[in-house]
Amino acid sequence: MMNTSDKEKFERAKKQVAEIKGFYVHLSIYLFVNLILLLIAFGLFSDGFFSMHMPHWGHFTTPFFWGIGLFFHGLKVFGHKMKFLKNWEDRKIKEYIDREERDFEKFN
């Protein structure tokens, strides 16, 4: 039997998994739609029913602005993972300092 604390942990984990899944669905749709728009821009459908004539700047507005939204969606979902990157940076800096100190001691 789960106690209240376990239920809360389970619900938070379930919510986090749903957010990650939502991001990957968003990313998949972004890639699919922009691939279709790119194919249209290169004229793949130019001889058929789906011919579209967009100005050149129009080819970039959808991926650009949607990409900004996707970026912020990713930050919302994976923002807590940024601590990992900070910890990695701190570890690497310490590693280089330690290596430099060892090298300095070798030559003294």
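Helices, of at least four residues, and strands, of at least two, are taken here as DSSP runs numbered from the N terminus. On this basis the predicted model contains 3 helices and 0 strands in its protein chain, and the order of elements along the sequence is α-α-α. Helix H1 covers residues 4–41 and helix H2 residues 58–78, while helix H3 covers residues 82–106.

Confidence in the prediction was examined next. The protein chain has a mean pLDDT of 81, with 78% of its residues at 70 or more. Where pLDDT is low, predicted coordinates should not be read in detail.

Of the 108 residues in the protein chain, 9% count as buried. The chain exposes about 9,500 Å², and carbon and sulfur atoms account for 68% of this area. Among contacts between residues at least 6 apart in sequence, 79% join residues that are at least 24 apart.

The largest nonpolar core consists of 5 residues: Phe-23, Tyr-30, Leu-70, Val-77 and Phe-78. Helices H1 and H2 are the elements that each give two or more residues to this core, and H2 gives the most, with 3. In soluble globular proteins, nonpolar side chains tend to be buried together. Beyond its neighbours within four places in sequence, Phe-78 is in contact with Ile-20, Phe-23 and Tyr-24. Phe-23 and Phe-78 are both members of the core.

Asn-34 lies in helix H1. Its relative accessible area is 11%, and Asn-34 therefore counts as buried, the cut-off being under 20%. When neighbours within four places in sequence are set aside, the contacts of Asn-34 are with Thr-62, Pro-63 and Trp-66.

The structure holds 4 salt bridges. Side chains of opposite charge can pair when their charged atoms come close. One of the salt bridges is formed by Lys-76 and Glu-19, with 3.9 Å between the closest N and O atoms. This pair links distant parts of the chain, since Lys-76 is in helix H2 and Glu-19 in helix H1, 57 residues apart. Lys-76 is exposed, at 59% relative accessibility, whereas Glu-19 is partly exposed, at 24%.

Asp-98 pairs with Lys-94, the closest N and O atoms lying 3.1 Å apart. Both residues belong to helix H3 and are 4 residues apart, which is about one turn of the helix. Asp-98 has a relative accessible area of 25% and is partly exposed; Lys-94, at 51%, is exposed. The value for Lys-94 falls in the exposed class because that class begins over 50%.

A salt bridge also joins the side chains of Glu-95 and Arg-99, at an N to O distance of 3.2 Å. Glu-95 and Arg-99 are separated by about one helical turn because they are 4 residues apart in helix H3. Both are partly exposed, Glu-95 with a relative accessible area of 33% and Arg-99 at 36% relative accessibility. Together with Lys-92, Glu-95 and Arg-99 are linked in a network of salt bridges.

Technical notes
Residues are numbered from 1 along each chain as its sequence is written. This is a predicted model: local features need pLDDT of at least 70, side-chain atom pairs count only at pLDDT 80 or more; totals for chains, interfaces and linings use all residues. Side-chain values use heavy atoms; hydrogens and water are left out. Buried means under 20% relative accessible area, exposed over 50%, partly exposed in between (1.4 Å probe, protein chains only). Contact means heavy atoms within 4.5 Å. Accessible areas come from the Shrake-Rupley method with a 1.4 Å probe; for residues, only the protein chains shown count as cover. A nonpolar core is a set of buried Ala, Val, Leu, Ile, Met, Phe, Trp, Tyr and Cys residues joined through side-chain atoms within 4.5 Å. pLDDT is the predictor's confidence in each residue, from 0 to 100.
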